[in-house]
Structure formats: C-alpha cells, structure tokens
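Please keep the sequence and the structure in view while reading.

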Amino acid sequence: MTALTPTLAIVAARLPSPPTSIDMLDGEVEGTTPDWRGIAVPEHVLARFARRSDAAPLAARPIAGGQIHLLARHPGFGAVLLDAWDSTRQRWRGWLVTPDTAYADACGLVVEERDAPADPRAGLVLCDMPVNLAVTDLGACLGVFSQERLQAARWLETHGRANAAPAAPGVIARVALPGDDYALTGTPLSSELGKDGRVAYRQLLRQGLQQLQIAPADALAPVAKPVQAANASRWLKLVTAVAAGVMVVQSAWLFLPKENAVVGNAEFRNGAPQRSGVETGVRTRVLFRAEATEAEIRTWLQREQLEIVAGPDTLGAFTLLSRDRQKVLPPPGPGNPLAVIHP
C-alpha cells in the first residue's frame, strides 16, 4: 500500500462548539428551563432515535473484528472498534470510540452514513487511542465496519499525524486514502496552550482510561493474524481423525465432509456446500486457537451441539452448523477454543 501524505480537501461539516456547563446551567438557575412536554422533538433528536433503533438488532451479535462494542462495565464512557484478536495476550486490540464527532482531530475517523446501521453512541473513532480489551470488557454491539473502513482506521493511526492542514477545531473534511477512497476526519490539534478544546478532551479520555484500568495498546504493535490460528497441516489430520471417530460414535458432533458427501440436507463438493433440499440450522465460520487440542474442540462442539461441515479453507477457517436457528456462539475467551468468529 502506498503511503499518502494526508491533505484535507472539501469541508464536509463545520460544527458549532459544544455549550459549556455554565451555559447549560444559566437557564436552570434563572428558572427559564423549557417544559419539553409542550415542545415538538427536534428533527436531529428524532434522527438519533432512528439510528439507535436501526442498530438495535446488532446488540447481541457475536464478537468479531470490525465491530464497535460498548465498554461492558462503563457503557457511558465510550465504546471500542475492534481491530484484531491477539491470541498471545488473549485480548482484542482496537480503538476508543465516542459519540463526540465535534472533537475529531487528524487521527479521528468520523462514522458516516455508509457505516449504517450504527448507534449514535458510535460517532468518532479515535485512531490515536488504541486499547487492549478482554472479551469480558465488551458489551453490546453498536455497529459493524466493512474491511475498507477498518483499513481506513489503521491508515489514520499510522499516517494521520502527517496531516499538514492548519488546526481548525470543529471542522470535518475529507482526507484521501490509498485506493481512491476517502475518510472524514478533523484537523491537527493546535499547539497553542489553551486554544484547542480537543487537547483537553483527549487528556480527560486518557485519564478516564487509566481510572477504568483499560490498557492502552502499543502503537502499531504487531497482532497475531487470525490466519495463523488454524491453517497448519495438523488440522487436516486432527479433523480427519475426529471424523473417523464419528463413524463409530454416532453421538459425536464433529466431522469433516468428504468429496461429494451428503451431510444432513447439504451436499458438499470441493469443500463447498451445495443445497439439495431445505437446509435447517445456522452456519458460522470460525477460526480455532492454534494451541487448542482435539479433545478440547471435540468436547466444546458436543457441549454446544455444533458440527463442522466445511474447512479448513485457505485461511484455516471452519464452518460450524447448529441445528438450532436461535443459536449464538459464545465469544472467544476462557472455556472455548475459538479465536475469531466470522473472520
């Protein structure tokens, strides 16, 4: 990928400065606080309600890279855009997300219409604030980024600070990305002390991360790629061995489809499912941890009532089938051999 020098182009929005706490309190002190029961809800508030409603079905989505999740214990503080699973640390690496688009700087990625559906609590990805989080730190899913948008966040983390535009708090503009793409982002922070509220905003966020004991990630630290989780030749031997066991033990759930084999109502050719009737169940593509043993995987599949119906593919991923259409896989973490869901 060719590195570009970030240059702001068309100004997409010029946002007003947020009111200070003094401004908001003046009306209450003077007794002039309006009675909202007699006032129509403003359109921008209705739009936020609509965005939240559209994103509501994402809340229980299984955890995977590219998703934005609330901080489980402190949802009012913010959320995180997940980048990749670090199997060594057993942590997700990602970037802090807040609703405060007006505070975007040159490393901030603004959530846009093309990212819909996205809850309004996900407004700004702070690509200069990478964090490491355990699975238990992740709450409801607020939105899902495409691979292109996830790549934009990675690019801004690396190159955002090279933006040579003048500091202009509250200005959101387009910045060119490799591959004829673009991102909406802010301008660089001002170096003049006390002149840029975004500087104090970031200081407060960093203090909050410390108080919440959320570990910052090493800038640009290499993360174990999911492709390494389950693509070794030992997996072919492992699954084939377990498949042989299924022929003897009919109660086992793990098996590897053979060429032209029929599994349930699905026929497989060259590892790909071919429909031969009405298929019942839900399919999920996963990567297992590289260190997971055959016994651990077999026990977990039996407990969860899952079958392996395809794989490993070129990325080392397997396709699992659940006969229960309401089945939701547990997130990667202690107690199961999963490394990534929907890689």
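This is a predicted model: local features need pLDDT of at least 70, side-chain atom pairs count only at pLDDT 80 or more; totals for chains, interfaces and linings use all residues.

The largest pocket, for its part, has a volume of about 520 Å³. Its lining is made up of 18 residues, and those nearest the centre of the pocket are R48, R51, V111, E113 and P120. Helix α2 (residues 43-55) gives the most to this lining, contributing 6 residues. Sorted by class, the lining of the largest pocket holds 10 nonpolar, 3 polar and 5 charged residues.

## Aromatic pairs

The structure holds 4 aromatic pairs, and two of these are described here. The rings of Y103 and Y201 have centres 4.1 Å apart and planes at 10 degrees, so this pair is stacked. Because Y103 lies in the loop between β4 (91-98) and β5 (108-110) whereas Y201 belongs to helix α4 (residues 197-211), the pair ties together parts that are 98 residues apart in sequence. How do the two partners stand in terms of accessibility, buried or partly exposed? Y103 has a relative accessibility of 21% and therefore counts as partly exposed, while Y201, at 11%, counts as buried; the cut-off for buried is under 20%.

In the pair of F288 and W300, the ring centres are 6.4 Å apart and the planes stand at 85 degrees, so the arrangement is edge-to-face. This pair links distant parts of the chain, with F288 in strand β14 (residues 282-288) and W300 in helix α6 (residues 294-304), 12 residues apart. Both F288 and W300 are buried, and together with F318 they form one aromatic cluster.

## Charges over the ring of Y182

The ring of Y182 has arginine side chains placed over it, as the following table sets out for R114 and R174.

| Charged residue | Ring | Distance to ring centre |
|---|---|---|
| R114 | Y182 | 4.2 Å |
| R174 | Y182 | 3.9 Å |

For R114, the charged end sits over the ring, and R174 likewise lies over the face of Y182.

## Backbone features

Most residues other than glycine have a negative phi, and most peptide bonds are trans. Against that background, a cis peptide bond joins A116 and P117, with omega at about -5 degrees, and P117 has its place in the loop between β5 and β6 (124-133).

Which positive phi value does Q213 have, although it is not a glycine? Its phi is about 60 degrees, and Q213 lies in the loop between α4 and β10 (215-216). Q213 has a relative accessible area of 71% and is therefore exposed. Q305, also a residue other than glycine, has a positive phi near 55 degrees and is found in the loop between α6 and β15 (306-310). With a relative accessibility of 49%, Q305 counts as partly exposed, since the class of exposed residues begins over 50%.

How values were computed: Residues are numbered from 1 along each chain as its sequence is written. Side-chain values use heavy atoms; hydrogens and water are left out. Rings of Phe, Tyr and Trp (its six-membered ring) pair if their centres lie within 6.5 Å; planes under 30 degrees apart count as stacked, over 60 as edge-to-face and the rest as tilted. Helices (H or I, at least four residues) and strands (E, at least two) are DSSP runs, numbered from the N terminus. Buried means under 20% relative accessible area, exposed over 50%, partly exposed in between (1.4 Å probe, protein chains only). A charge sits over a ring if NZ of Lys or CZ of Arg is within 6 Å of the ring centre and within 35 degrees of the ring normal. On a 1 Å grid over the protein atoms alone, a cavity is a set of points where a 1.4 Å probe fits but cannot get out, and a pocket is an open set with protein on both sides within 12 Å along at least five of seven lines; lining residues have an atom within 4 Å of a point. Grid points are joined across faces, edges and corners, and a volume is the space filled by probe spheres set on the points. Ala, Val, Leu, Ile, Met, Phe, Trp, Tyr, Cys and Pro count as nonpolar, Asp, Glu, Lys and Arg as charged, and the others, Gly among them, as polar.
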